[in-house]
Amino acid sequence: MTRPRSSLPAVFAVCVLLISVGGGALSGTTNDPLSPASAGVPARAPDPAAITITRGTAVNVPLPPAGQVLVRPSRTPVVLSSELTYTGEPVTVTCGTCHTTRPANLQNGQEGRVPAEFHQGLQYRHGAQSCVSCHNAANFDTLRRADGRAIAFPEAKELCSQCHGPQARDYAAGAHGGMQGSWDLSKGGRVRNTCTDCHDPHSPKFVQLRPVFAPVDKGAREQAARAAAHAAHSAEHGAAQEDKSHE
Amino acid sequence: MSELHREPETVEESGDSGGLSRRGMLKVVGATLGAAAFAKAIAPLTTWAKDISVDEFLQKHYRELSPVDMQFILAHFEQEAKKTYGADVHIRDHKPQEGVKFGYALNLSVCIGCRRCAEACHKENNHDRPSGNSYIRVLEMRKGSLDLGQGNVNYTHPVPDPDHFYMPVQCHQCDAPPCVDVCPVEATWKEKDGIVVVDYSWCIGCRYCEAACPYHARRFNWKKPQIPAEEINPDQGYLSNRIRPQGVMEKCTFCLHRTRDGRLPACLEACPTGARVFGNLLDPKSEIRWVLQNKRVFVLKEDVGTKPSFFYFFDV
């Protein structure tokens, strides 16, 4: 449903592209075939409001049948333009759209340097590596293995595992990264989260969360009851006064 | 093995309730009722519940109930949930699985103290809403200390705080459970898969077990639990998350209504950090066994000799 490619350069020229970095918007587009519509195991971070940084990148998947373990695929990023399709969806462009026309800039990423011209807002805190140690300079629609071979975006876990052996080992053993479904695979299937569900590839430190479900201690409960009683009292009072004024 | 640690079958076979009398139970009542219930077995469950008072059935200890008795009781509790809470629930009597002993491990390097486990427990196990009850308490602890007494549960700032680590505590399903030893009426016992259960219909609410637990893992129902009908989890177990009556003890059962069906506990699935590892200690290929073999695990208050099935570890 996207408009013809020819209209895109104009869009870029006026710089009206919305970048997708850090946004949850993408998981709602029709571009993500596995995304929200498909029922099943919900994506991580069920209440994004409580999270200081919301990526909204995790993908909903169905719980597989008994005996099977499904690793949630990581998402394939696209860039949204401000143009809309006839159905009101933003026109999306692939990474290669621009990157096939320009050579990779090897400086980006080093010493925390981020592109100045585009992808503003990208928070980069992941060591001193160049962007193209993960992104494939030969094809920006893929990632890059240390030996130069391409890795598809949904398999980003393979990328992370190359440099993070201990966590990759723990993950493979079921001791890092969590899971949903069955402990007993003879009775039901299981879904595993993927690395990028929890770690932003550019700022991988796990985000801070606001704790939920504060314990209701006796003191607080009594205080709340007193406050409620007080509120009820003043409301009554206020209402009474209002009644009078009506008379 | 003391009488308290008898396997469930031995108790059923003996049929001798001498040691199990409670509330002045009469042995003869139980015997007569067994036959009466059997005669009724051809009638639909719903009609039984109308003519036989469930109190008479509840004069029997869980481990003496025949399958027919149990069907009757479950149907009764389902009707009661409908009547008092307006909820359509399904209660089952989940049995331990052969060759399974449950173990749980928690990675303290990964847990960030967000309390989503405690919240999931609250919902899954049909806890009283106003008191915010949960089988899990999350302690905020100073880095470098393991003194539980210093743990703070009332933090509200964003987590993790860099000077602290977070330690969720729930029932450790001990192999030498002091809570079971002190129960004067055998209303709590350890099952074959390691879960320490409470028969809420047998408990007299003396709270000795609460005092005996070194992990403060047991809770008392001070009031009749209040839960809006639409929030009640209808998937219930007799020994786990059925709505408890007022005045009885309750505790974490590793969600046996889920785990005895092969599913993961609610607190594990809710954890956004992946800090929790659950599985069968008797299966050498299980995730939990991998953790025990490859991480330096420890248990809380090892010196009290409770032999927990709940382990903690740090990544090194």
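User: Helices (H or I, at least four residues) and strands (E, at least two) are DSSP runs, numbered from the N terminus; in which loop does A:Arg149 lie?
Analyst: This is a predicted model, in which local features need pLDDT of at least 70 and side-chain atom pairs count only at pLDDT 80 or more, while totals for chains, interfaces and linings use all residues. Residues are numbered from 1 along each chain as its sequence is written, chains are lettered from A and ligands numbered from 1 in the order in which they are written, and side-chain values use heavy atoms, with hydrogens and water left out. On that numbering, A:Arg149 belongs to the loop of chain A between S4 and strand S5 (150-151).

User: Which residues does A:Arg149 touch, not counting residues up to four places away in sequence?
Analyst: The side chain of A:Arg149 is joined to that of A:Asp147 by a polar contact of 3.0 Å, a term for a pair of N or O atoms within 3.5 Å where, within protein, one must be able to donate a hydrogen and the other to accept it, and where residues adjacent in sequence count only if both atoms are side-chain atoms. Beyond four places in sequence, with contact meaning heavy atoms within 4.5 Å, A:Arg149 touches A:Leu143 and A:Arg144.

User: Which three residues supply 18% of the area that chain B buries against chain A?
Analyst: In this interface, 46 residues of chain B are in contact with 32 residues of chain A. Buried area is the accessible area (1.4 Å probe) that two parts lose on being put together, summed over both, and here it is about 3,200 Å², with 58% given by carbon and sulfur atoms. The three residues of chain B that supply 18%, more than any other three, are B:Arg116, B:Glu287 and B:Trp290.

User: Which residue of chain A meets B:Lys295 in a salt bridge?
Analyst: A salt bridge is a side-chain nitrogen of Lys or Arg within 4 Å of a carboxyl oxygen of Asp or Glu, and the rule finds 2 of them across the interface of chain B and chain A. In one of the bridges, at 2.6 Å from N to O, the partner of B:Lys295 is A:Asp170.

User: Which element gives the largest share of the side of chain B that touches chain A?
Analyst: The rule finds 16 residue pairs in polar contact across this interface, both at pLDDT 80 or more. Helix H6 (116-124), helix H10 (266-270), strand S10 (276-280) and helix H11 (287-294) of chain B each supply at least two residues of the side that touches chain A. The largest share, 4 residues, comes from H6(B).

User: Where is B:Pro160 found?
Analyst: A cis peptide bond, with omega about 0 degrees, joins B:Val159 and B:Pro160. Most peptide bonds are trans. B:Pro160 itself sits in a loop of chain B, between S3 and strand S4 (164-169).

User: What is phi of A:His119 near?
Analyst: A:His119 is found in the loop of chain A between helix H2 (96-99) and strand S4 (143-144). Most residues other than glycine have a negative phi. For A:His119, phi is instead positive, and its value is near 60 degrees.
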